Amino acid sequence: MLRSNVIASQEVHAKWGGVVPELASRAHQEHIVPVVREALDKAGVKKEDLDAVAFTRGPGLIGALLVGTCFARSLAQALEIPLLAVDHVQAHVMAHFINDGEERPMPDFPFLNLTVSGGHSQLVLVRSPLDMEVIGTTLDDAAGEAFDKGAKVLGLPYPGGPLVDKYARTGDPDRFVLPKPAITGLDLSFSGIKTAFVALVNRGEMMQPGFKETECDHLCASLQKAIIDHLMAKMRRAIRQHEVERIGIAGGVAANSGLRKRLLELGEREGVKVFIPPFAYCTDNAAMIAMAGHHLLEAGRLATLDVVPIARIH
Ligand code: KG4
Ligand code: ZN
């Protein structure tokens, strides 16, 4: 049962219009002790009561991962408890299973999950918490990057995904037509949509200064539609190809209201059950890492104290 889930706000990224790796590492260093202390306080447990320490081993920015890894190793060593090295992308899928006391349906295995975040976009066949097969992945940008870069060219602050979502609600998604990525199989691609969107905005601004402000809602709605259309086309194909009965989404982009709605519609059309985690567990959070760690602990898959982070796993 989840006792606390503390997240340090990352204002530094908004200030610089994106994630600057060096600044992200420093922010991690600054926040890690107060965040862990607050998590323990909120949970009402002493560090001596902990059974294990789970941390993100990767993939991600190496500087930030080093801070977390060093801290987790030291804590586990000091407390003489097991250390659990979690794969961040797999942990996103665990968002479906977080028990925070609220009644909500959880998917049975196997199910098909669309994991979409700022760094990853994957179609995953989830057979069990420790058995996940990636059946499709992005060949270039992640879905979150397409949202963030699109927002940036519109002059919106980082991370732009939530703002594109907000403005899209009052926009016409068919006002501007963006390309459909022509990628065979179950792989994904977002760089074509992104490039076409940047060109569209720049061209509009040249012809009509102020275009990106006056057309902001429609531009956001059109960008969001193009991204979701591509994701839904691949999900549909994967559902049929792998004959799945349950589908889900996870990752920061799974917080997108348009995507959540379209996934429910897809589920209805294809006759499969849909599972969508609460917003708080879609974007990066500690609860999903703990959940993934719990399964590693149960399976006895402990990390050694000399474990090192890895920037890329998949
Ligand atoms: O999972 P996450 O918190 O971090 C990574 O592991 O990358 O995902 C962050 C990404 C960012 O690109 C952000 O813009 C996007 O998730 N995001 C959204 C929404 N909320 C967060 N994208 C679209 N609509 C949203 N509502
Ligand atoms: Zn993430």
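This is a predicted model: local features need pLDDT of at least 70, side-chain atom pairs count only at pLDDT 80 or more; totals for chains, interfaces and linings use all residues.
Five strands form an open sheet with mixed pairing. Their order is β5-β4-β3-β6-β7. The edges belong to β5 (131–137) and β7 (273–275). Each has a single partner strand, so one side of each is left without a neighbour in the sheet. From one strand to the next, the twist averages 25 degrees.

Gln-122 stands opposite Thr-137 in β5.

## Helices across the sheet

Helix α9 (residues 216–242) lies across β3 (111–116), β4, β5 and β6 (246–250). It runs at about 160 degrees to β3.

Helix α10 (residues 257–270) lies across β3, β6 and β7. Its angle to β6 is about 175 degrees.

## The zinc site

Protein donors of the zinc ion (ligand 2) are His-88 (NE2), His-92 (NE2) and Asp-284 (OD). Angles among the four donor atoms span 99 to 136 degrees, and the site is irregular.

The donor spacing in sequence is H-x3-H-x191-D. His-92 and Asp-284 link distant parts of the chain, 192 residues apart. His-92 sits in helix α4 (residues 88–93), Asp-284 in the loop between β7 and α11 (286–298).

His-92 counts as buried, at 1% relative accessibility. Asp-284 is partly exposed, with a relative accessible area of 48%.

Definitions and conventions: Residues are numbered from 1 along each chain as its sequence is written. Chains are lettered from A and ligands numbered from 1 in the order in which they are written. Side-chain values use heavy atoms; hydrogens and water are left out. Two strands pair if DSSP finds at least two bridges between them. Helices (H or I, at least four residues) and strands (E, at least two) are DSSP runs, numbered from the N terminus. Axes are lines fitted to C-alpha atoms, for helices over the stretch in contact, and angles run from 0 to 180 degrees between N-to-C directions. Contact means heavy atoms within 4.5 Å. Donors are N, O and S atoms within 2.8 Å of the metal (3.2 Å for Na, K and Ca); water is not among the atoms, so sites may look incomplete. Four donors count as tetrahedral if all angles lie between 85 and 135 degrees; four count as square planar and six as octahedral if opposite donors are over 155 degrees apart and all others between 65 and 115; anything else is irregular. Buried means under 20% relative accessible area, exposed over 50%, partly exposed in between (1.4 Å probe, protein chains only).
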